[in-house]
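Here is my note on the model you sent.

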Amino acid sequence: MPPDNGEAVHLGAVEDGTVVGTAVLWREAPPWARGDDAAWRLRGMATAEDKRRRGIGAEMLAAVLEHVERHGGGLLWCSARTSARSFYERAGFVSRGDVWDEPDLGPHVMMELRGARGASG
């Protein structure tokens, strides 16, 4: 559930007037680090299916990391589809915990990037 304090951030990639990528993040401590006020949750990220494998996702993630850096850095975490695990690993994320099946979405794993402040550079 998004925060009710107005801190949700929505980012988009636009190509020829069409949104081809999105990301949503907000400040939220992960379940394993309650009270971490510097933590950010990447709640969702997507690229249009016909635009994948062209670097749009990497650009979106770079924009997410830039936002986190500008707003204090810290831990960035997400619940990732296992099919996207290697994408996040290439950016420096590590898996945390076991894989679980998210109803209607398939297998997921928690991932984190500590010190997100320096991860974008």
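1. Start with Arg53. Arg53 sits in the loop between strand 3 and helix 1 (56-70). This is a predicted model, so please read every value below as computed from it. The phi of Arg53 is near 65°, a positive value in a residue other than glycine. Arg53 is also exposed, with a relative accessible area of 86%. That value is over the 50% cut-off for exposed residues.

2. Asp16 belongs in the next check. Its phi is near 55°, again positive in a residue other than glycine. Where is Asp16 found? Asp16 lies in the loop between strand 1 (9-15) and strand 2. Asp16 counts as exposed, at 78% relative accessibility. I would look at the backbone of Asp16 and of Arg53 on screen.

3. Val19 is in strand 2. Buried or exposed, which is Val19? Val19 is exposed, because its relative accessible area is 52% and the cut-off is over 50%. Leaving aside residues up to four places away in sequence, Val19 touches Ala13 and Val14. Val19 and Arg53 are 34 residues apart along the chain, and their C-alpha atoms are separated by 16 Å.

4. Thr47 is placed in strand 3. Thr47 is buried, with a relative accessible area of 16%; buried means under 20%. Which residues does Thr47 touch, not counting those up to four places away in sequence? They are Val20, Gly21, Arg52, Ile56 and Gly57.

5. Gly106 lies in strand 6 (residues 106-113). Gly106 is buried, at a relative accessible area of 16%. Trp100 and Asp101 are its contacts, not counting residues up to four places away in sequence. Gly106 and Thr82 are 24 residues apart along the chain. The C-alpha atoms of Gly106 and Thr82 are separated by 8.4 Å.

6. Now the aromatics. How many aromatic pairs does the structure hold? It holds three. Take Trp32 and Trp77: their ring centres are 5.7 Å apart and their planes are at 75°, so the pair is edge-to-face. The cut-off for that label is over 60 degrees. The pair links distant parts of the chain, with Trp32 and Trp77 45 residues apart. Trp32 is in the loop between strand 2 (18-27) and strand 3 (40-47), while Trp77 is in strand 4 (residues 76-81). Trp32 counts as partly exposed, at 25% relative accessibility. Trp77 counts as buried, at 2%.

7. Phe87 and Tyr88 make another pair. Their ring centres are 5.1 Å apart and their planes are at 80°, so this pair is edge-to-face. Phe87 counts as partly exposed, at 22% relative accessibility. Tyr88 is buried, with a relative accessible area of 8%. Phe87, Tyr88 and Phe93 form one aromatic cluster.

8. Next, the fold as a whole. The protein has three helices and six strands. In sequence order the pattern is β-β-β-α-β-α-β-β-α. Why does the protein count as compact for its length? Its radius of gyration is 14 Å, close to the 14 Å that the globule rule gives for 121 residues, so the protein is as compact as a globular protein of that length. Along the principal axes, the C-alpha atoms fill a box of roughly 40 × 35 × 30 Å.

9. Of the 121 residues, 35% count as buried. Among contacts with a separation of 6 or more, 53% come from residues 24 or more positions apart. The Trp32 and Trp77 pair, 45 residues apart, also links distant parts of the chain.

10. Last, the surface and the charges. The protein exposes about 7100 Å². Carbon and sulfur atoms supply 48% of that area. There are 15 positive and 18 negative charges. The mean positions of the positive and negative charges are 3 Å apart.

Technical notes
Residues are numbered from 1 along each chain as its sequence is written. This is a predicted model: local features need pLDDT of at least 70, side-chain atom pairs count only at pLDDT 80 or more; totals for chains, interfaces and linings use all residues. Side-chain values use heavy atoms; hydrogens and water are left out. Helices (H or I, at least four residues) and strands (E, at least two) are DSSP runs, numbered from the N terminus. The radius of gyration is taken over C-alpha atoms; the globule rule is 2.2 Å times the number of residues to the power 0.38. Buried means under 20% relative accessible area, exposed over 50%, partly exposed in between (1.4 Å probe, protein chains only). Contact means heavy atoms within 4.5 Å. Accessible areas come from the Shrake-Rupley method with a 1.4 Å probe; for residues, only the protein chains shown count as cover. Lys and Arg count as positive and Asp and Glu as negative; His and the chain ends are not counted. The place of a charge is taken as NZ of Lys, CZ of Arg, CG of Asp or CD of Glu. Rings of Phe, Tyr and Trp (its six-membered ring) pair if their centres lie within 6.5 Å; planes under 30 degrees apart count as stacked, over 60 as edge-to-face and the rest as tilted.
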